Amino acid sequence: MRVVVQRSKQAQVTVEGNIAGAIEHGLVLLVGVTHEDTEQDARYAAEKIAGLRIFEDETGKMNLSVTDTGGQILSVSQFTLYGDCRKGKRPNFMAAARPEQALPLYDRFNELLREQGLRVETGVFGAMMEVSLVNDGPVTLIVESR
């Protein structure tokens, strides 16, 4: 799994003009799944993200996790994270898992985040989505399970 993690003051995802998910303080996750990913990859990514110490403590040091701060998660499926742009002008998406494999793993990843005690909002898998956020910091990281 490949997850782009963005610390956010607020965020929402809209599908066909309707808000599908919205958060205040927390993390926006763009989540990509590849063919070899298993539940072990989802578990690794969920535990890593829930525990990432990327929020400031009272001294201004990045020492707190989204769990510590009571933050929320906005998780958005993003197959294009596995786009290969090395050749030509059009990305190759062969490394992205097919929807029938990716959706159950994406759902399990979100479930594992909820098991960590986090409130998780999502977009709509496979839909054309508009994501808006106020990036806090900005802090943007990439978490990969392999």
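The following legends describe close-up views of a predicted model of one protein chain. Residues are numbered from 1 along each chain as its sequence is written. Local features need pLDDT of at least 70 and side-chain atom pairs count only at pLDDT 80 or more, whereas totals for chains, interfaces and linings use all residues; side-chain values use heavy atoms, with hydrogens and water left out.

**Figure 1. Overall fold of the protein chain.** The protein chain contains three helices and eight strands, which are DSSP runs numbered from the N terminus (helices H or I, at least four residues; strands E, at least two). Their order along the sequence is β-β-β-α-β-β-α-β-α-β-β. The C-alpha atoms fill a box of roughly 45 × 35 × 30 Å along the principal axes. The radius of gyration is 15 Å, in agreement with the value near 15 Å for a compact globule of 146 residues; this radius is taken over C-alpha atoms, and the globule rule is 2.2 Å times the number of residues to the power 0.38. Among contacts with a separation of 6 or more, 73% join residues 24 or more positions apart, where contact means heavy atoms within 4.5 Å. Buried residues make up 42% of the 146 residues (buried: under 20% relative accessible area; exposed: over 50%; partly exposed in between; 1.4 Å probe, protein chains only).

**Figure 2. Helix H1 and its cover.** Asp41, Ala42, Ala45, Ala46, Ile49 and Ala50 are buried in H1. They cover an arc of only 150° around the axis and therefore lie on the same side of H1, the arc being that of the directions from the helix axis to the C-beta atoms. Their cover includes strands S1 (2–15), S3 (26–32) and S8 (130–144), together with helices H2 (66–69) and H3 (99–115).

**Figure 3. The largest nonpolar core.** This core has 28 residues, of which Leu27, Leu29 and Phe109 touch the most other members. A nonpolar core is a set of buried Ala, Val, Leu, Ile, Met, Phe, Trp, Tyr and Cys residues joined through side-chain atoms within 4.5 Å. At least two residues of this core come from each of S1, S3, H1, H3 and S8, and H3 provides the largest share, six residues. Beyond residues up to four places away in sequence, the contacts of Leu29 include Val3, Val5, Ile49, Ile73, Phe109 and Leu113. A second, separate core of nine residues includes Val4, Val13, Leu74 and Leu81.

**Figure 4. Helix H3 and Asn110.** H3 has 17 residues and reaches 24 Å from its first C-alpha to its last, close to the expected 24 Å. Its buried residues are Ala102, Leu105, Tyr106, Arg108, Phe109, Asn110, Leu112 and Leu113, and they pack against S1, S3, H1, strand S6 (72–77) and strand S7 (119–122). Asn110 has a relative accessible area of 2%. Leaving aside neighbours within four places in sequence, Asn110 contacts Ser75, Val120 and Thr122. Just after H3, Gly117 adopts a positive phi of about 90°.

**Figure 5. Asp136 in strand S8.** Asp136 is located in strand S8 and is buried, with a relative accessible area of 18%. Apart from residues up to four places away in sequence, Asp136 touches Arg7, Ser8 and Lys9.

Methods. Expected span 1.5 Å × (residues − 1).
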